[in-house]
Amino acid sequence: MSWPLRALLGPAFWAFAFSLIYAAHGAGCAWDWPARPAPLGDLHHFTLIALWLVSLVIAAGILGLSPRRDTTGDRIARAGGWIGLVAVALTLFPVMGLSTCGG
């Protein structure tokens, strides 16, 4: 895989995870998941937090698989991995406390 594609892998995964988690948020609100019990609280929070944690692991895996050589392309690919991991951690962190299904 060429370094431009490897550099885009982290941010592209963040976009996928962002869409998936917020789609799950909408589906959970539509199907009344906050009222259904789950192992740790309600089904809505359980699903969103589980998706966020899985996304963090995958983003860390993308970063971990980036090459360790010291070429410019490899450094840019590692930067893309870091961007994806930090973006998943910071922008999807609000799912820990979201309960905004309206009402």
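Predicted model: local features only at pLDDT ≥ 70, side-chain atom pairs only at ≥ 80, totals over all residues.

Residues are numbered from 1 along each chain as its sequence is written, and side-chain values use heavy atoms, with hydrogens and water left out.

Stop 1: Select Met1, in the segment before H1. Helices (H or I, at least four residues) and strands (E, at least two) are DSSP runs, numbered from the N terminus. Met1 counts as exposed, at 68% relative accessibility. The cut-offs are under 20% relative accessible area for buried, over 50% for exposed, and partly exposed in between (1.4 Å probe, protein chains only). With Met1 they form a nonpolar surface patch of about 330 Å² accessible area together. Areas come from the Shrake-Rupley method with a 1.4 Å probe; for residues, only the protein chains shown count as cover. Nonpolar side chains (Val, Leu, Ile, Met, Phe, Trp, Tyr) are joined within 5 Å, like charges within 9 Å.

Stop 2: Go to Asp32, in the loop between H1 and strand E1 (37-38). Most residues other than glycine have a negative phi. Asp32 is partly exposed, at 44% relative accessibility.

**Stop 3: inside H2.** Pick Thr47 in helix H2. Thr47 is buried, with a relative accessible area of 18%. Show the backbone oxygen of Leu43: a polar atom of the Thr47 side chain lies 2.8 Å from it.

**Stop 4: helix H3.** Select residues 72-91. The 20 residues of H3 should span 28 Å at 1.5 Å a residue, and the end C-alpha atoms are 28 Å apart, which agrees. The expected span is 1.5 Å times one less than the number of residues. Colour the buried residues of H3, including Gly73, Ala77, Gly80, Gly84 and Leu85. The buried residues of H3 pack against helix H1 (3-30) and helix H2 (43-64).

**Stop 5: past H3.** Finish on Phe93, in the segment after H3. Phe93 is partly exposed, at 46% relative accessibility. Phe93 touches Trp52 and Val88 (heavy atoms within 4.5 Å), not counting residues up to four places away in sequence. Leu48 is 45 residues from Phe93 in sequence, yet 9.9 Å away, C-alpha to C-alpha.

Key: Polar contact = N/O pair within 3.5 Å; in protein donor to acceptor, adjacent residues only side chain to side chain. Patch = residues over 30% accessible without salt bridge, like charges linked within 9 Å, V, L, I, M, F, W, Y side chains within 5 Å. Salt bridge = Lys/Arg side-chain N within 4 Å of Asp/Glu carboxyl O.
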